[in-house]
Each structure stands twice: as C-alpha cells, then as structure tokens.
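Me: I would like to go through a protein model step by step. Could you show me the structure before I start asking?

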Amino acid sequence: MTTLETRQFVPADLEVRSAGDGRTVHGIAVPFGIEQRINEHLVEQFDLGVFAHQVRAANRVRFSREHIDLGGSLIGATTMLREEAKGLYWEARASRTPLGDETLELIKDGALTHLSVAFRSRPRGSVRLPSGVVARRKADLIEVAVVLEGAYGDAARATGVRSADQLDEVDEVCCTHCRATRGASSNREAARRIAAGIPVLPPAV
C-alpha cells in the first residue's frame, strides 16, 4: 500500500449561510493546476479528474478536525464531491457533538480557515512533466480535515458553513503536513483557547 500523504490548503473567503441549521461546511478542498513546492525534491500539482472516480461515493471520505492519524477526531461525514475547473468542491456535515459544534463556531468566527486532505497516490497515477513538476492524475482521497494552519496560499479555504437545505520515488516522500503539525496537540489546545476566549500567548524565546 502506498504512503498516506497530506496536503494543506487555504481556500476562498469564509461564508456563513444563516438558512437551515447551518451545519454544512463547504469549499474547494483541492485546487487544480496550481504548482506547489512540497519539499526540496518535489513540486506537484493536482489535475482535473484526479478524484473523478470518487464523486459518487463522497460518504466514504472522512471529515475530521485535524487528521485522525495525527491525533485528530472524526467530526462528521462528507456529503458531496464535485470536480470543477478550479478544484474539487467539497461539502460535509458536522455532527452534533461538542467538537463538531466547536469547529462550526470557529469556522464562523474565522478562527479556522484551512483545509487539509489526506490521499494515497495510485500506481502510475502521477506523471513528471518536462518542467519537473509532478502532476497528480489519479489518487484516492481519504480524508478532508479542518486544521489550524495551511501551506498552499489562498488557493483553498473552507468557504463557509451553510444549511442542510504514480512515480515510485514520489510515493516515498514524507508530506509537509507532518512537520507543520508535529505540534498538533498544542494546536488543538490553541483552538480550544480561541473558542473559550482565552488569549493564546506566543512561545517563550
């Protein structure tokens, strides 16, 4: 089995829709055609069609607060996946749990704006372009997580909460999210402090 990799994105502006019960999070989970340096050996982009085989089985993609394999928790279910020219459009419903409620409030308040996806590359699902960029042509989306920090600029952000109405060497590369979230427990504590209105102090120098 190929390595589970994660990538973080900062989607478009947050939007909260007041109609209905307001428990559906939506946005562009993965932007298409944008080159991003992952590490010194890898620059990649996701191509239109990379997740097309999964749009009819969106419920199989986990929705979490931080990645489950990195200490996060399941908070709901993905309800829609749709490939668009600009990226993979995603909708998920947050369950009525304390963490689900907290996550929705943090998104509404603009404290949580980043998405991170966990995926597995398929054999021969990636190609190296003449420019050296690795183009992801087919991969399996495992999880979409709401996280504190992203690494993809402004290309992907949780756009709102609305109502209910492959190359072998590439697969061996460790994802950047591992470094970005090695303080995952402290990040979750910071989020809890934000939710409670407690100031988050910078680390001592």
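Predicted model: local features only at pLDDT ≥ 70, side-chain atom pairs only at ≥ 80, totals over all residues.

Me: What is its mean pLDDT, and how many residues reach 70 or more?

Reply: The mean pLDDT is 77. Of the residues, 66% reach 70 or more.

Me: Where does pLDDT stay under 50?

Reply: Residues 151-156 are one such stretch, and the model has 25 contacts for them beyond four places in sequence. Residues 193-205 also stay under 50, with 9 contacts beyond four places in sequence.

Me: On to the inside. How many residues are in the largest nonpolar core?

Reply: The largest nonpolar core has 29 residues. Those with the most contacts inside it are Val30, Phe46, Phe51, Phe63, Trp90, Leu141 and Val144.

Me: Which elements give two or more residues to this core?

Reply: The strands are β3 (24-31), β7 (73-83), β8 (87-94), β9 (114-121) and β12 (139-147), and the helix is α1 (98-108). As background, nonpolar side chains in soluble globular proteins tend to be buried together.

Me: What polar contacts does Thr78 have?

Reply: A polar atom of the Thr78 side chain lies 2.9 Å from the backbone oxygen of Val61. The side chains of Thr78 and Trp90 are joined by a polar contact of 3.2 Å. Not counting residues up to four places away in sequence, Thr78 touches several residues, including Ala58, Asn59 and Glu91.

Me: Changing topic: how many salt bridges does the structure hold?

Reply: It holds 13 salt bridges. In one of them, Glu5 is joined to Arg136, with the closest N and O atoms 3.8 Å apart. Glu5 is in strand β1 (residues 4-9) and Arg136 in strand β11 (residues 134-136), so this pair links distant parts of the chain, 131 residues apart.

Me: Are Glu5 and Arg136 buried or exposed, and which residues are linked with them in a network?

Reply: Glu5 is buried, and Arg136 is buried as well. A network of salt bridges links Glu5, Arg7, Glu44 and Arg136.

Me: What about helix α1? Which residue meets Asp101 in a salt bridge?

Reply: The side chain of Asp101 meets that of Arg23, at 2.7 Å from N to O. Asp101 lies in helix α1 and Arg23 in the loop between β2 (15-16) and β3, so the pair ties together parts 78 residues apart in sequence. Asp101 is partly exposed, with a relative accessible area of 35%, whereas Arg23 counts as buried at 6% relative accessibility.

Me: And which residue forms a salt bridge with Glu102?

Reply: Glu102 forms one with Arg65, the closest N and O atoms being 3.0 Å apart. Here helix α1 holds Glu102 and strand β6 (residues 62-65) holds Arg65, 37 residues apart. Both residues are buried.

Me: Which other residues of α1 are buried, and what follows the helix?

Reply: Besides Glu102, the buried residues of α1 are Gly100, Thr103, Leu104, Leu106 and Ile107. Gly110 follows α1, and its phi is positive, near 80°.

Me: Last one: Glu143. Where is it, and is it buried or exposed?

Reply: Glu143 is in strand β12. At 1% relative accessibility, Glu143 counts as buried. Its side chain makes a polar contact of 2.4 Å with the side chain of His67. Leaving aside neighbours within four places in sequence, Glu143 is in contact with residues including Val61, Ser64, Ile68 and Ser116.

Terms used. Residues numbered from 1 in each chain as written. Heavy atoms only, no water. Core = buried A, V, L, I, M, F, W, Y, C linked by side-chain atoms within 4.5 Å. Buried < 20%, exposed > 50% of the residue type's maximum accessible area, 1.4 Å probe, protein only. Helix = DSSP H or I, 4+ residues; strand = E, 2+ residues; numbered from the N terminus. Salt bridge = Lys/Arg side-chain N within 4 Å of Asp/Glu carboxyl O. Polar contact = N/O pair within 3.5 Å; in protein donor to acceptor, adjacent residues only side chain to side chain. Contact = heavy atoms within 4.5 Å. pLDDT = per-residue confidence, 0-100.
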